Amino acid sequence: MSQPPAPQRPRRLPLLAVRDLVVFPHMVLPLSVGRAKSVRALEAAMQGGKLLAVVAQKNAAVEDPRAEDLFLAGVLCEVVQYLKMPDGTLKVFLHGLARATAARLEPPGPEGFWRAELDYPESAAPPSPELKALMRRVLDAAAEHFKLSRRGGADALGVFARMEDASELADSVAAHAVARNSDRQALLELVAPARRLERLLELLKADIEILGLERKIHTRVKSQIEKSQKEYYLTEQMKAIQKELRQKDDFAQEIEDLRKAIKAAGMPPAALEASLKEAARLEKMMPYSPESTVARTYLDWMTHLPWAARTRDSLDVARAAAILDEDHYGLKKIKDRILEHLSVARLAKGLRGPILCFVGPPGTGKTSIGRSIARCMNRKFVRLSLGGVRDEAEIRGHRRTYIGSLPGRIIQSLRKAGSRNPLFLLDEVDKMGMDWRGDPAAALLEVLDPEQNSTFLDHYLDVEFDLSQVLFICTANTLEGIPVPLQDRMEILPFSGYTYKEKLHIARTYLLPRQLREHGIKAGRLEVEDEALHAVIDGYTREAGVRSLDRELASLSRKAAKRFVLGEPGPIRLDAAAVRGLLGVPKFHSERRTFNALGVATGLAWTEVGGVTMPVEAVAIPGKGELRLTGKLGQVMSESAQAAFSFIKAEAAALGVPADAFRDKDFHVHVPEGATPKDGPSAGVAIGTALASLACGRPVAADLAMTGEITLRGRVLPIGGLKEKVLAAHRDGVRTVLYPEANRKDLEDIPEDVLAEVRMVPVESFAQVLELALPPASWTKPAGAFAASGGIPGRQDQPIRSAGASVGTNSCPKESPASLPADGASR
């Protein structure tokens with residue numbers, strides 16, 4: 001549509017202010033007018049050529065606008081149609097002719113309406129390739145916009161496509177496609193067609209992106225609504241059909257079955273109330289919604305837990321003792337403790353289950369005796385390994401806030417057991433960790449506390465469960481990894497290593513028959529002589545337990561099975577030579593297992609896998625009298641070495657060592673194996689003996705080992721783990737063990753057969769250690785701490801055999817040989 005000629009553009013015209021609307025040139029607009037000023041302006045325009053200026057209000061809420069409330073940029077319009085309504089309002093059609101700017105506004109006078117002096121900016125632009133490209137881009141964007149918004153149609157796009165004037169195209173598209181008044185006003189104020197097209201293109205693209213997202217959301221929501229409506233419609237139809245047939249639907253039947261299971265589970269009142277409440281919630285849910293899955297899983301756990309189910313304890317003490325002896329050899333204290341519990345349970349009703357903790361090296365029967373205890377008590381057996389557990393939720397469960405949450409492993413194991421009073425074995429309780437997810441050891445405080453576990457609260461169940469009837473047994477290799485508060489809740493029962501005779505009996509009575517049975521070898525087809533078992537124990541195992549021995553016997557069984565399959569008729573008889581032929585070169589040698597010599601002493605140490613012998617080596621090298629320590633020693637062991645070295649230097653005169661012997665020499669103490677960390681308070685005596693041997697020039701007696709802590713004044717302090725250390729010494733062929741006098745009470749824990757073969761010598765001072773460990777020296781009575789410590793007067797028995805020839809020196813006096821107490825006195 002062409003612009004009106006210049007004479008039809010008056011400089012002064014009535015002004016019409018419109019609300020919520022921006023008029024563009026080339027636009028025909030119906031308008032309802034009701035304000036008095038607007039009505040008078042239209043009446044004046046009808047009397048003066050039907051032309052007036054139309055501008056938009058900045059704030060549509062203003063009823064009587066002032067000059068600052070109006071935009072100055074507007075449109076010159078022609079009143080195409082004018083109709084006065086009975087109520088005084090007007091219905092008009094306005095046709096936008098050209099852009100107009102109010103240069104000056106005249107406030108309403110006696111006439112009662114606004115007038116304005118107008119300027120008409122020139123908006124024509126010469127055609128150019130860039131302008132044509134912009135017009136095409138705008139046409140494409142308008143077509144896509146109309147397709148998404150459904151505001152225009154093919155007719156409007158056809159009209160736009162025939163327009164050759166860029167200004168007219170921009171105004172026409174903006175009038176149809178741009179909805180926000182602020183954007184419409186901004187486009188109206190842009191005079192240059194190119195800039196107007198660019199801005200219009202930006203607005204169309206942004207609106208197209210939003211419309212596309214709205215279309216996707218609308219499509220998705222519509223499909224979901226249609227699916228839900230379809231399911232609802234079909235479900236209601238199914239209900240109506242089943243109602244006619246007097247049948248219940250599956251979901252209603254499921255709810256009824258759940259309620260029956262809840263009432264039959266024997267829950268306490270709190271758990272029963274929580275379960276019925278959850279069943280009521282489930283009944284109101286859609287059958288296949290995610291929330292219903294969570295509720296079903298929760299009710300499944302609640303109905304399958306052994307709230308009331310339990311096994312009846314067998315309190316026959318004689319039968320229990322027979323079962324324990326049948327399954328395990330030795331372990332007298334452990335068996336007595338179980339039999340005591342059964343005896344008390346038979347006399348007293350309602351006895352709570354004890355919390356026991358078996359501590360000892362691997363392979364000593366801690367886990368297997370748990371199974372035997374469960375069998376003799378007629379209880380279900382549940383084993384839970386805690387090694388590497390770091391998450392508190394493994395014990396107390398996950399909170400029921402997401403799909404896939406489960407109860408803790410305590411509750412899970414009880415469901416598998418199907419009994420509320422099983423024997424619950426918590427294996428490797430010393431190997432738990434902790435991180436940002438919590439401390440599982442702290443969670444176990446509630447489980448293993450007899451005063452609290454009757455009200456154990458699992459986070460998933462969110463109701464209390466009674467664990468007081470459960471017999472908890474924990475196993476550990478050492479107490480170091482168990483927090484002190486957790487130790488306080490348990491009764492600690494130590495497991496020591498087996499003696500040589502015990503291993504032989506276990507191999508003959510338990511291990512070998514089981515291996516033959518598991519490998520399909522019938523009785524009598526494989527005969528293993530005692531010499532063969534001796535060879536296996538001596539040459540192929542070196543352990544506190546019997547796990548390696550079991551593996552070696554399994555290897556013999558496999559090789560025998562192979563020979564049977566290849567056609568050998570049997571029976572096969574195995575002696576020591578046959579064992580070496582089947583198992584290969586022995587891994588250990590039993591001829592001499594101590595290496596006592598000049599500057600070398602044998603100590604005894606306790607480890608997680610039992611006791612071990614520990615050689616301590618010392619050499620002197622040119623230096624400044626300093627002590628060097630190697631072998632990856634810990635702080636406690638390093639301090640023991642420093643104390644022993646200081647004592648030797650302080651008592652150099654009493655030892656017959658020149659005072660300047662330590663001045664120009666450094667002493668290097670090494671404890672093999674260097675790659676293994678070592679620490680503990682019981683190596684001071686062995687380190688001091690090695691240093692004293694080096695200083696005096698006398699070798700340490702052969703077949704002698706020692707344990708004990710030394711003070712700066714030469715006293716020998718008590719140590720722990722004496723039984724394990726003595727068993728290690730006996731296993732390695734040691735004949736004499738020096739131990740602290742304060743540990744004499746621990747001898748009753750050592751088996752009789754070991755005490756018959758190992759001479760136990762108690763010592764109170766380091767002077768006694770030197771008298772016994774460095775023969776044939778007889779120490780004088782010097783002044784000072786060494787003299788005050790005393791010797792071993794009045795003992796004239798067999799001397800300890802020296803490990804080597806005497807080294808010629810004047811450092812140590814030679815009077816009479818040192819002696820050892822008799823076997824009976826050491827006990």
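**Figure 1. Salt bridges of the predicted model.** The count of salt bridges comes to 39, a salt bridge being a side-chain nitrogen of Lys or Arg within 4 Å of a carboxyl oxygen of Asp or Glu. The structure is a predicted model, in which local features need pLDDT of at least 70 and side-chain atom pairs count only at pLDDT 80 or more, whereas totals for chains, interfaces and linings use all residues. Residues are numbered from 1 along each chain as its sequence is written, and side-chain values use heavy atoms, with hydrogens and water left out.

**Figure 2. Close-up of Glu 111 and Arg 115.** These two residues form a salt bridge whose closest N and O atoms are 3.0 Å apart. Glu 111 is partly exposed, at 43% relative accessible area, while Arg 115 is buried at 16%. Buried denotes under 20% relative accessible area, exposed over 50%, and partly exposed the range in between (1.4 Å probe, protein chains only).

**Figure 3. Close-up of Arg 514 and Asp 550.** The two side chains meet in a salt bridge, at 2.6 Å from N to O. The pair links distant parts of the chain, 36 residues apart: Arg 514 belongs to helix α17 (residues 500-518) and Asp 550 to helix α19 (residues 547-565). Helices (H or I, at least four residues) and strands (E, at least two) are DSSP runs, numbered from the N terminus. Arg 514 is partly exposed, with a relative accessible area of 31%; Asp 550 is buried, at 16%.

**Figure 4. Close-up of Glu 529 and Arg 573.** In this salt bridge the closest N and O atoms are 3.7 Å apart. Glu 529 lies in the loop between β14 (526-528) and α18 (530-540), and Arg 573 in strand β15 (residues 572-574), so the pair ties together parts that are 44 residues apart in sequence. Glu 529 is partly exposed, with a relative accessible area of 25%, whereas Arg 573 is exposed, at 52%.

**Figure 5. Close-up of the open sheet.** The sheet has 5 strands in the order β8-β9-β12-β7-β13, with parallel pairing; two strands pair if DSSP finds at least two bridges between them. Strands β8 (381-385) and β13 (491-494) stand at the edges with a single partner strand each, so one side of each has no neighbour in the sheet. From one strand to the next, the twist averages 20 degrees. Strands β7 (residues 355-359) and β12 (residues 471-476) pair over 5 bridges, and Leu 356 stands opposite Ile 473 in β12.

Key:
Axes fitted to C-alpha atoms, helices over the stretch in contact; angles between N-to-C directions.
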